[in-house]
Amino acid sequence: MQHDLGALTSEVQDPALDTDLGWAIRMVSAAFRRVATESVADLPGGARGYLVLVALAGGEPPTQLALAREVSLDRTVMTYLLDGLEAHELVTRRPDPRDRRARQVLITDTGRARLDRVRQSLAAAEARLLTDLDAEDSAQLRALLSRVAQTAQREAVTPDEADAANC
């Protein structure tokens with residue numbers, strides 16, 4: 001156990017830029033943004049529109065508010081984004097049968113087809129970014145990043161929560 005702690009301590013004290021988590025996240029984020037932007041450019045809302053379609057592609061149709069929370073978007077931004085996606089017939093909204101005041105959001109067949117095309121393009125872009133990783137490393141990176149992202153999402157304060165705290 002002390003050996004592991006010693007290795008961790010030496011890693012923390014290593015001043016090299018390439019061992020800094022913040023630097024690594026920034027570099028990967030910037031590179032991913034560049035390659036992904038092309039893949040989602042023709043979707044209304046770009047990357048945000050893509051995330052909405054992905055969130056809608058599986059499972060029960062969420063309410064508009066639940067969807068906004070899931071993809072970490074302000075509910076007003078979500079409304080405008082859904083307006084654009086709906087105008088292109090990629091999503092549709094209907095009253096929630098459990099609460100007629102709420103609106104459920106559903107992906108359309110056109111939306112699914114468009115999402116499939118974007119996913120193929122995005123997969124090719126991701127493959128270029130992950131070219132130095134084998135399949136096992138790539139899968140492990142995805143799994144670990146997903147876990148960290150879920151922690152980050154739980155820890156994030158949404159704009160609505162921040163407004164309520166400031167009242």
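**Architecture, pairing and salt bridges of the predicted model**

L17 is found in the loop that separates α1 (2–13) from α2 (21–40); helices (H or I, at least four residues) and strands (E, at least two) are DSSP runs, numbered from the N terminus. With a relative accessibility of 53%, L17 counts as exposed, where buried means under 20% relative accessible area, exposed over 50%, and partly exposed in between (1.4 Å probe, protein chains only). Together with W23 and M27, L17 forms a nonpolar patch on the surface, and the accessible area of these residues comes to about 290 Å². Patches are made of residues with over 30% relative accessible area and no salt bridge, with like charges joined within 9 Å and nonpolar side chains (Val, Leu, Ile, Met, Phe, Trp, Tyr) within 5 Å. Accessible areas come from the Shrake-Rupley method with a 1.4 Å probe, and for residues only the protein chains shown count as cover.

The structure is a predicted model, in which local features need pLDDT of at least 70 and side-chain atom pairs count only at pLDDT 80 or more, while totals for chains, interfaces and linings use all residues. Residues are numbered from 1 along each chain as its sequence is written, and side-chain values use heavy atoms, with hydrogens and water left out. The mean pLDDT (the predictor's confidence in each residue, from 0 to 100) is 85, and 84% of the residues reach 70 or more.

The protein contains 8 helices and 2 strands, arranged along the sequence in the pattern α-α-α-α-α-β-β-α-α-α. Of its 167 residues, 26% count as buried. The accessible surface amounts to about 11,800 Å², and carbon and sulfur atoms contribute 55% of this area. Among contacts with a separation of 6 or more, 52% are between residues 24 or more positions apart.

Strands β1 (residues 91–96) and β2 (residues 99–107) run antiparallel and are joined by 6 bridges; two strands pair if DSSP finds at least two bridges between them. The two strands form a hairpin with 2 residues between them, and P95 stands opposite R103 in β2. T76 is partly exposed, its relative accessible area being 43%, and its C-alpha atom is separated by 9.6 Å from that of L65, 11 residues away along the chain.

A search of the whole structure finds 6 salt bridges, each defined as a side-chain nitrogen of Lys or Arg within 4 Å of a carboxyl oxygen of Asp or Glu. In one of them, the side chains of R114 and D42 meet at 3.7 Å, N to O. R114 belongs to helix α6 (residues 109–129) and D42 to the loop between α2 and α3 (46–57), so this pair ties together parts that are 72 residues apart in sequence. R114 is buried, at a relative accessible area of 16%.

R93 and E86 form a further salt bridge, at 2.8 Å from N to O. R93 is buried, with a relative accessible area of 13%, whereas E86 is partly exposed at 28%. D99 forms a salt bridge with R101, the closest N and O atoms being 3.0 Å apart. Salt bridges that share partners join D83, E86 and R93 into one network.

How values were computed:
Contact = heavy atoms within 4.5 Å.
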